[in-house]
Amino acid sequence: MEGLVGWIIVLALASSLIECHSQRHRPPNAKHGDMQPHSVGEAARVASQIDELDDEDEANPWELSGLFEGDILLDRYHSRNGILNESMRWADGTVPYFIEDEDFTDEQQLVILKAIKEYHQKTCIQFRPYHKKDTSWVVFRSNSSGCWSSVGMQSDGQTVNLQSPGCVRHGVVIHELLHALGFFHQQSASNRDDYVRILWENIEPGHEHNFNKYNETEVTSYGIEYDYGSVMHYSAKAFSRNSEPTIEALQPNVTLGQRKGLSEKDISKLELMYQSQCAQREGSEDPEPPGFIDQFNSLLGLFKENAAFPTYGFKK
Ligand SMILES: [Zn+2]
């Protein structure tokens with residue numbers, strides 16, 4: 001009998017060790033964004049518009065995603081809220097994540113992880129794989145049309161949807177994660193009229209609300225100057241009804257928005273927003289969480305080991 005108890009204990013210990021070290025924890029369905037947010041017709045329209053975009057297009061896929069301001073998921077659990085609301089920040093500046101691997105090829109998963117790596121390299125924010133004790137997390141999915149996210153941390157899981165292949169691009173992942181971290185679009189800043197002119201006459205009727213401004217009790221720029229080059233700035237012809245610009249810079253020689261990655265001012269604002277959360281993180285001197293590095297390296301290894309593996313191209 002004693003021997004049997006001993007074996008049971010050994011087996012229980014072994015299985016918990018295996019669980020700790022190798023099991024990928026699958027989160028329950030996210031409360032925010034688990035359902036397709038578009039009607040069937042709208043979903044098809046969004047999907048085909050994004051599919052037609054190429055890397056050279058000035059339009060950003062998030063502008064075509066058919067939700068509030070293009071790509072912001074508002075849901076019935078939370079009314080719109082601004083980045084000043086501290087309860088919507090990620091504790092310790094740490095974001096648990098889960099990539100739904102049925103939705104993305106290995107190569108696409110690497111695109112997502114490389115965007116995360118940019119956050120690790122340039123900001124104090126850390127992303128680590130979801131663990132079953134987590135009460136907030138981001139799940140990357142591709143089962144809906146469009147590229148979209150909620151703004152700020154929501155409880156019980158939130159989806160970052162990346163339509164495949166149109167939204168699985170470095171700058172798009174960076175943009176959607178900046179929403180998830182708590183940022184709205186740059187041109188909705190309360191002081192934007194000092195920097196840009198909105199050309200209302202060129203906006204598609206019914207889409208004027210995409211150019212709303214937020215007041216300073218909701219949103220702050222942390223004292224950082226307006227950023228024409230933010231990854232969160234609309235392109236010049238966003239929501240245009242006639243291919244004419246809808247936003248015009250009041251300063252010469254500036255380009256509105258980009259999809260390369262975080263701008264210097266994006267980084268500064270994010271660092272100011274998460275200053276105290278990041279400082280509270282234990283082991284905050286580690287540049288990257290080990291769970292992330294393991295996942296990143298194993299995916300990268302697939303490409304290095306197998307020369308035949310495509311370096312570009314998407315599952316369709
Ligand atoms: Zn957006």
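I looked up arginine 24 and found it partly exposed, because its relative accessibility is 38%. I work here from a predicted model. Arginine 24 forms a salt bridge with aspartate 101, with the closest N and O atoms 3.3 Å apart. Arginine 24 lies in the loop between helices H1 and H2, and aspartate 101 in the loop between S1 and helix H3, so the pair ties together parts 77 residues apart in sequence. Aspartate 101, at 36% relative accessibility, also counts as partly exposed.

I then turned to aspartate 103, whose side chain meets that of arginine 141 in a salt bridge (2.8 Å, N to O). This pair ties the loop between S1 and H3 to strand S3, 38 residues apart in sequence. Aspartate 103 is buried at 15% relative accessible area, and arginine 141 is buried at 18%.

In total I noted 13 salt bridges in the structure.

Next I examined the zinc ion, which is coordinated by Asp71, His175, His179 and His185 at 2.0 to 2.3 Å. The histidines donate through NE2 and Asp71 through OD. I recorded the donor spacing as D-x103-H-x3-H-x5-H. Histidine 179 and histidine 185 are both buried.

Finally, I traced the open sheet of 5 strands, with order S2-S1-S3-S5-S4 and mixed pairing. Strands S2 and S4 stand at the edges with a single partner strand each, so one side of each lacks a neighbour in the sheet. Helix H4 (residues 170-181) packs on this sheet, and its direction makes about 160 degrees with that of S5.

Note on methods: Residues are numbered from 1 along each chain as its sequence is written. This is a predicted model: local features need pLDDT of at least 70, side-chain atom pairs count only at pLDDT 80 or more; totals for chains, interfaces and linings use all residues. Side-chain values use heavy atoms; hydrogens and water are left out. Two strands pair if DSSP finds at least two bridges between them. Helices (H or I, at least four residues) and strands (E, at least two) are DSSP runs, numbered from the N terminus. Contact means heavy atoms within 4.5 Å. Axes are lines fitted to C-alpha atoms, for helices over the stretch in contact, and angles run from 0 to 180 degrees between N-to-C directions. Donors are N, O and S atoms within 2.8 Å of the metal (3.2 Å for Na, K and Ca); water is not among the atoms, so sites may look incomplete. Buried means under 20% relative accessible area, exposed over 50%, partly exposed in between (1.4 Å probe, protein chains only). A salt bridge is a side-chain nitrogen of Lys or Arg within 4 Å of a carboxyl oxygen of Asp or Glu.
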